[in-house]
Amino acid sequence: MNLKMMNKTKINFNKETHTYSVEETGKILTSVTQQLNKITPVFDTYNQSIKYAAKHGNTPEYWRKEWKRINKESLIRGNEIHDKLDGSISYNGETKNAISSFSVRNLLNCLNGNLLSKDNFYNTYLSTYPEILKDFEKDLNDGWEIFSEILVYNIDYLTAGTIDVPLIKKKERKIKIKDWKTNKDDLHSVSGYYKKVNGIKSNIWVNKDERLLYPLNYLQHCKLVLYELQLSLYGFLAETSCDLIVDGIELWHIHPNYEKKYILEYKKNDVINLLNYLKNKNEIKSNKQVFGIF
């Protein structure tokens, strides 16, 4: 689909169900997160809890509940920080409804973004993180306009997502993508785990060669690589739907004890590989259903 056709296409985003759909047809788009889940090995909670209990004591049920509690606490902390940081960027678009409609023209005109102003960003929640604040100040001085929560999509691949912090230079048609993550552990570029000493988690990282699923099974299954793919997917969607050029991908890790910036690689070829594979897989599945082949 060319850019002219994309301009006419409207996408509905339902915040309550976190689903994207084409307004004209009702066709559901797959989110970036959902696409990445398809190549992420599933953690076998049940069997792992049995092994864990045998090694560290307590029952498998105890460890399953404990893991669920930890994940819930991390999610709550992450959502709270994200909401406050997103709220630090003053709103510059339409009213935030449960269901919002977006088109490529909206993004190009920056009508649906939250614009961070030099006049107010020093007095926001961002001041809690002086290094991040300094980073944004440099971007503003370099001519970037800073937005929050801009939707990007590609109809050909039936994929959509929302960029937390897109930076745009309109005249140069450039986009730089920033994001923040709130993991309680350090981020690693290789798969592995923290060694336990006397049943207590230590700060000793043990590498483990675990890969993502096909077709990206040449990449490590670890947080940093998955985040790199996530932000690269956003970048590719912005490039293809809006004729923008990705000019950097950056990640701020907001750890409970520190903030650390990562300059990530734009994995364009990898995300194209993934999207083509998933598209072909879906087309084969659809053809089998049409002809009654299961």
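The mean pLDDT of the protein, where pLDDT is the predictor's confidence in each residue from 0 to 100, is 82, and 80% of its residues reach 70 or more. Over residues 90-97 the pLDDT is below 50, and this stretch has 20 contacts in the model beyond near neighbours in sequence; contact means heavy atoms within 4.5 Å. Residues 110-114 also have pLDDT under 50, and the model gives them 31 contacts beyond four places in sequence.

This is a predicted model, in which local features need pLDDT of at least 70 and side-chain atom pairs count only at pLDDT 80 or more, while totals for chains, interfaces and linings use all residues. Residues are numbered from 1 along each chain as its sequence is written, and side-chain values use heavy atoms, with hydrogens and water left out.

**Overall composition**

The secondary structure comes to 8 helices and 13 strands; helices (H or I, at least four residues) and strands (E, at least two) are DSSP runs numbered from the N terminus. Of the 294 residues in the protein, 44% are buried. Buried means under 20% relative accessible area, exposed means over 50%, and partly exposed lies in between, with a 1.4 Å probe and protein chains only. Among contacts between residues at least 6 apart in sequence, 62% join residues at least 24 apart.

**Helix H7 and its surroundings**

Helix H7 covers residues 223-242 and has 20 residues. From its first C-alpha to its last it reaches 28 Å, close to the 28 Å expected at 1.5 Å a residue; the expected span is 1.5 Å times one less than the number of residues. Because 18 of its 20 residues are buried, H7 is largely enclosed by the rest of the structure. Asp243, which follows H7, has a positive phi near 55°.

Leu264, in strand S13 (residues 258-264), is buried at a relative accessible area of 10%. Beyond its neighbours within four places in sequence, Leu264 is in contact with Leu224, Tyr227, Glu228, Leu231, Ile249 and Leu251. The C-alpha atoms of Leu264 and Ile249 are separated by 5.4 Å, although these residues are 15 apart along the chain.

Tyr227 is also a partner of Asn183, through a polar contact of 3.0 Å between the side chains. A polar contact is a pair of N or O atoms within 3.5 Å; within protein, one must be able to donate a hydrogen and the other to accept it, and residues adjacent in sequence count only if both atoms are side-chain atoms. Asn183 lies in the loop between S9 and strand S10 (192-197) and counts as buried at 16% relative accessibility. Not counting residues up to four places away in sequence, Asn183 touches Lys223, Tyr227, His253, Ile254, His255 and Pro256.

Lys176 is found in strand S9 (residues 174-181) and counts as buried at 8% relative accessibility. Its side chain makes a polar contact of 2.7 Å with the side chain of Asp139. The contacts of Lys176 outside four places in sequence include Trp144, Val165, Asp247 and Glu250.

The whole structure holds 6 aromatic pairs. Rings of Phe, Tyr and Trp (its six-membered ring) pair if their centres lie within 6.5 Å; planes under 30 degrees apart count as stacked, over 60 as edge-to-face and the rest as tilted. The rings of Phe13 and Tyr20 have centres 4.6 Å apart and planes at 25°, so this pair is stacked. Phe13 is buried at 8% relative accessible area, and Tyr20 is buried at 2%.

Phe136 and Trp180 form an edge-to-face pair, with ring centres 5.9 Å apart and planes at 70°. Phe136 lies in helix H6 (residues 130-141) and Trp180 in strand S9, so the pair ties together parts that are 44 residues apart in sequence. Both Phe136 and Trp180 are buried.

Lys178 lies over the face of Phe136, at 5.6 Å from the ring centre. The charged end of Lys279 sits over the ring of Tyr157, 5.6 Å from its centre. A charge sits over a ring if NZ of Lys or CZ of Arg is within 6 Å of the ring centre and within 35 degrees of the ring normal.

**Backbone features in loops**

Two non-glycine residues with positive phi are tabulated here.

A cis peptide bond joins Tyr214 and Pro215, with omega about 15°. Pro215 is found in the loop between strand S11 (200-207) and H7.
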